[in-house]
Amino acid sequence: MITVKSVEEFEKMAVAGSVVAAVHQAVREAAVPGVTLNRLDEISADIIRSAGCTPSFLGYMGYPKTICLSPNDVIVHGIPDDTVIRDGDVLSVDVGAIYEGWHGDAAFTMAIGDVPDEVSTLIDATEQAMWEGVAQARAGNRLGDVGSAVSAVAAPHGYGVVREYIGHGIGRQMHEKPEVPNYGEAGRGLKLKKGWAVCVEPMFNLGGAGTRVLDDGWSVVTADGSLSAHWEHTVAITKDGPMVLTLPEPKLIAVPA
Ligand code: MF3
Ligand code: CO
């Protein structure tokens, strides 16, 4: 089960989180047409290690790289390789770092160059869904409040909401109980407690919700080949509300009016 963290422990997670945020920024800038996914992985490794952190994905269940890079119909867990980024690609970037034993884990999705409006809308709506879920990550709320807030953003667009891969508790381990689904019913499920930290991470597909794992054993793709977006933050549940730890500085989310 998830452990209750102290303020000092949240502060260590925020250091890991700030390094994750620095990697996000660097990858966002470096991800231009002509660059390989491997190059983005190297840049990420340099930043994590020079900050005195360890990459949490490398070696996790045998995962071979520092970050996950999931282009186009790859939903999550894409392995960086010599694939060259091209104009019009959609790229999801997932990064984890450990500082003094404490984890930070966050992802974003970006368009490379010009993409059709329906694609930028998918990316933006998935981000919006993450923020709606984050805002529900409060002591006393339930897991269903998070999941229903996330899926409510997808519903009017008709996006497939991925069900096989979900958010999670986080702390001394990258993955702790509880699981944090991107669906559910408001008011239902486990009650969230002060001192927990959770990752809220919606994955929305332009097509159906179905998934399939490629022969590399990692890359999760949409069953129908449609494009997919993925966003994630690590969030501390504090007495004052949700505090996002995977930003350059931790950020407290105000109570909705
Ligand atoms: N960020 C992913 C998650 O939240 C973890 C990546 S899986 C790994 O589940 F194997 F690459 F580490
Ligand atoms: Co995660």
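Analyst: Thr-126 is buried, because its relative accessible area is 0%; buried means under 20% relative accessible area, exposed over 50% and partly exposed in between, with a 1.4 Å probe and protein chains only. This is a predicted model, in which local features need pLDDT of at least 70 and side-chain atom pairs count only at pLDDT 80 or more, while totals for chains, interfaces and linings use all residues. Residues are numbered from 1 along each chain as its sequence is written, chains are lettered from A and ligands numbered from 1 in the order in which they are written, and side-chain values use heavy atoms, with hydrogens and water left out.

Thr-126 belongs to helix 3, residues 117-135. Helices (H or I, at least four residues) and strands (E, at least two) are DSSP runs, numbered from the N terminus. Not counting residues up to four places away in sequence, Thr-126 touches Pro-202, Phe-204, Ala-229, His-230 and Trp-231. Contact here means heavy atoms within 4.5 Å.

Phe-204 leads on to the largest nonpolar core. A nonpolar core is a set of buried Ala, Val, Leu, Ile, Met, Phe, Trp, Tyr and Cys residues joined through side-chain atoms within 4.5 Å. The largest one has 56 residues, of which Leu-40, Leu-91, Val-93 and Phe-204 touch the most other members. Among the elements that give two or more residues to this core are helix 1 (7-30), helix 2, strand 4 (90-99), strand 5 (102-111) and helix 4 (143-154). Helix 3 gives the most, with eight residues. Another core, of nine residues, lies apart from this one and includes Phe-10, Ala-14, Ile-170 and Cys-199. In soluble globular proteins, nonpolar side chains tend to be buried together.

Leu-91 shows what such a member touches. Leaving aside neighbours within four places in sequence, Leu-91 has contacts that include Leu-37, Leu-40, Leu-69, Pro-71, Ile-85, Phe-108 and Met-110.

Helix 2, which spans residues 37-50, also holds Ile-43. Ile-43 counts as buried because its relative accessibility is 17%. Beyond its neighbours within four places in sequence, Ile-43 is in contact with Ala-26 and Ala-30. The C-alpha atoms of Ile-43 and Val-23 are separated by 7.9 Å, although these residues are 20 apart along the chain.
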